[in-house]
Amino acid sequence: MGTRMSGQWKDIVFDSFLYLFMIAVGVVTLYPFWNVLAISLNDATDTVRGGIYLWPRSFTLSNYKEIFMYNNLLVAFQNSVLRTVIGTLLGVFSSATVAYVLSRKDFIARKQISLIFVLTLYFSGGLIPGYMLIRDLHLMNSFWVYILPGIVSAWNIFVVRSYIDGLPYSLQESAKIDGANDLTIFLRIILPLCSPVLATVALFIAVGQWNSWFDTYLYNSGKASLTTLQYELMKILANTSAGSSSADLARSGNPALSTRVSPESIRAAITIVATLPILLVYPFLQKYFVQGLTLGAVKS
C-alpha cells in the first residue's frame, strides 16, 4: 500500500513539474510576439519612455496607418499572397506526383533517381551558378522566378514518399484489378489518403514562400511591381535601424502623422503585419501537420 502511494506521489510531482515546464516554455515563446504587438499598438511618443511589456499604455493605430502609406506595400502584399498560394499548390502537387512515382515498386529507375535527389540535399551549385542559371532561363524580372526554381523539393518528396510507402499496396493492386490506370489511382486513391502529409508539406512551402525575400533582392529588386512584403519589410527595418528621422517617415506628406510614429513603433507594426497572416493559417493545418509529420517519418 505504501509503495503504491509513493508511486502516485511521484506521478503527481512529475506531472506538476511537466506542466510548469510547458507553461514556462509557452510564456517564453509567446511573450516576444505579444510584446511586439503591444509596442505596435502604443503611441510612439509614449513608447520611447520604455516600460511597454504586455499592454499598450496609450492605444493608437497610427503606426499601422503609417506603414500602409509606404510606397509599394499593398503591391508587395499582393505579390506575397500570390506567390504563396501558387507556389504552395504547384509545390504540393509536384512533390506528390514525384513521390508517387518513386514509391512504385515496379518503377525500374526508382533507386537511381532517388539517389540523385538525395545528392541535392547535400550538394548545391552555389549562389553564382544559381544566379547564372536564372539569368540564362530568362527568369530575371519575372514573377515566375518565385515559383519555378522551388517547385520541386527533394525533402518534401521524401516526406510524401515515406507516407505513401506506409499505405497498403493492396489498395493500388485492387484498383488495377478494377481497371483503374496509374493516373486514376494517384488522383482518386493516393491523394485523398495523403491529406495529412500533404497539409504538412503545404505548411512547409507556404511558410517558406511567405518569408522569402532574398530572391526578390537578387532577381526582381529593379522592378517595383514584383516586390514582396518581406523584401519591403527588410528595407524598412534596414532604414529604421540606421536611424530614420521624422522627415523620412513622412512619405505620405502628412507631418502630423510622422510626429506620432518612430522607428521602433514602425518596426513593431510591420513585423505584426508580415507575421500575422501566416499565423492565422497554422491553426487550420495543425491537426494535419502533427499527424502527417509523425506518420510520414515512420519510414525513411
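Tutor: The model is predicted, with local features needing pLDDT of at least 70, side-chain atom pairs counting only at pLDDT 80 or more, and totals for chains, interfaces and linings using all residues. Residues are numbered from 1 along each chain as its sequence is written, and side-chain values use heavy atoms, leaving out hydrogens and water.

Student: How many helices and strands are there in the protein chain?

Tutor: The protein chain has 15 helices and zero strands. Both are DSSP runs numbered from the N terminus: helices are H or I with at least four residues, strands are E with at least two.

Student: Why are α5 and α7 called oblique to each other?

Tutor: Helix α5 (residues 110–122) and helix α7 (residues 154–165) pack at about 130 degrees, axes 9 Å apart. Angles run from 0 to 180 degrees between N-to-C directions, with axes fitted to C-alpha atoms over the stretch in contact. Under 35 degrees is roughly parallel, over 145 roughly antiparallel, 65 to 115 roughly perpendicular, and the rest oblique. So α5 and α7 are oblique.

Student: And what makes α9 and α10 roughly perpendicular?

Tutor: The axes of α9 (residues 182–193) and α10 (residues 195–211) cross at roughly 70 degrees and come within 5 Å. That angle sits in the perpendicular range, so α9 and α10 get that label.

Student: Which residues of α9 and α10 meet?

Tutor: L191, P192 and L193 in α9 meet S195, P196 and L198 in α10. By class that's five nonpolar, one polar and no charged. Ala, Val, Leu, Ile, Met, Phe, Trp, Tyr, Cys and Pro count as nonpolar, Asp, Glu, Lys and Arg as charged, and the others, Gly among them, as polar.

Student: What makes a group of residues a nonpolar core?

Tutor: Its members are buried Ala, Val, Leu, Ile, Met, Phe, Trp, Tyr and Cys residues joined through side-chain atoms within 4.5 Å. Buried means under 20% relative accessible area (1.4 Å probe, protein chains only). The largest such core has 25 residues, and I164, I190, C194 and L198 touch the most other members. α7 gives the most to this core, seven residues.

Student: Which residues does L198 contact, leaving aside its neighbours within four places in sequence?

Tutor: V92, A96, V160 and L191, where contact means heavy atoms within 4.5 Å. There's also a second, separate core of 17 residues, including W210 and A269.

How values were computed. Buried means under 20% relative accessible area, exposed over 50%, partly exposed in between (1.4 Å probe, protein chains only).
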